[in-house]
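Dear colleague,

I am passing on the structure we talked about, together with some notes on what was found in it. Please read them alongside the model shown here.

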Amino acid sequence: MDNPSNTRSSDPGIVSDFSKAVELLSSDGGRDEGIRLLRSNCDKGDTDSMVRLGMALMGGTDDEKKESVELFRRAADNGNASGMRNLAYCYAVGVNVEKDKTKGAELYRKAMEMGSWAAATNLGVMYDYGNGVPQDRDEAFRLYTLAAEHGSTRGMTNLGEFYHYGKGTPVDLDKAEMWYLRSGTPRALHRLALLYLDSPEKLDRAKGMDALKRSADGGYGRAMVRYGDEIGGEEAVRYYTSAASRGNQDAAERLKGLGLPVPESSRRR
């Protein structure tokens, strides 16, 4: 979801109050005042404040949860693509509204048409898996390409996967490598590592291990597990433990197999 870090308003007062609110919301005891400032900006018509306030209220009281959806809707109705994308997410996943994947897909399309390339990626995922729309890997490929070419790192990673595994397009490992590298996210680095470690045409263990370690150090659970498997020993246990603490069940199973304790947080997930 989009959680704007600044407002595009040209009003100095709105800009100042938005910045203060962001700082307050990230501090202990500042929530109420931060929300008050954002509400004031919303009353002045600032749609970025509507989106930011909606994000702040999403996990609050029942009334706040309902208000969060209405704030996204209000921002969307006033031309804010982030508001439309967040509203789409609420319906697609069922956050504070009854789940409606079809409506979610419709709203993601509207957000994309309003200029949100992250929404293009979201819509691509829905076509990829047939959620709210008929499954159509060709359309998913088109949307991922559009998103990637406009700077969406998730779109880049997903496009790389399509080239890697031949989904919606013929296999092209050079293009898969290119898009993974352009994305550079922990998930993309994990996929890049798999390309170098597991694809006969691209085998390069040094590059694979480097990408895998960077992904693991970036907090990507699957990479932590694979890196631990590759290196073994006490360092592997450290990576398994870190991944398990994030809820990765493969890591938890590795620890159990070694007769080691599993972090409590992983058991609760």
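Tyr-89 has its place in helix H5 (residues 81-93), where helices (H or I, at least four residues) and strands (E, at least two) are DSSP runs numbered from the N terminus. This is a predicted model, in which local features need pLDDT of at least 70 and side-chain atom pairs count only at pLDDT 80 or more, while totals for chains, interfaces and linings use all residues. Residues are numbered from 1 along each chain as its sequence is written, and side-chain values use heavy atoms, with hydrogens and water left out.

With a relative accessible area of 30%, Tyr-89 is partly exposed (buried means under 20%, exposed over 50%, and partly exposed in between, with a 1.4 Å probe and protein chains only).

As for the whole, the protein chain has 16 helices and zero strands, its C-alpha trace spans about 60 × 45 × 35 Å along the principal axes, and 48% of its 269 residues count as buried.

There are 21 salt bridges, each defined as a side-chain nitrogen of Lys or Arg within 4 Å of a carboxyl oxygen of Asp or Glu. One of them joins Asp-2 to Arg-85, with the closest N and O atoms 2.6 Å apart; the pair links distant parts of the chain, since Asp-2 is in the segment before helix H1 (12-25) and Arg-85 is in helix H5, 83 residues apart. Asp-2 counts as buried at 19% relative accessibility, and Arg-85 likewise counts as buried, at 12%.

Another salt bridge is formed by Glu-230 and Arg-205, whose closest N and O atoms are 3.0 Å apart; Glu-230 lies in helix H13 (residues 221-231) and Arg-205 in helix H12 (residues 205-217), so the pair ties together parts that are 25 residues apart in sequence. Both residues belong to a network of salt bridges that links Asp-198, Arg-205, Arg-226 and Glu-230. Within helix H12, Asp-210 and Arg-214 are four residues apart, which is about one helical turn, and their side chains meet in a salt bridge (3.2 Å, N to O).

Lastly, Asn-96, in the loop between H5 and helix H6 (101-113), has a phi near 65°, a positive value in a residue other than glycine. Asn-96 counts as partly exposed, at 28% relative accessibility.
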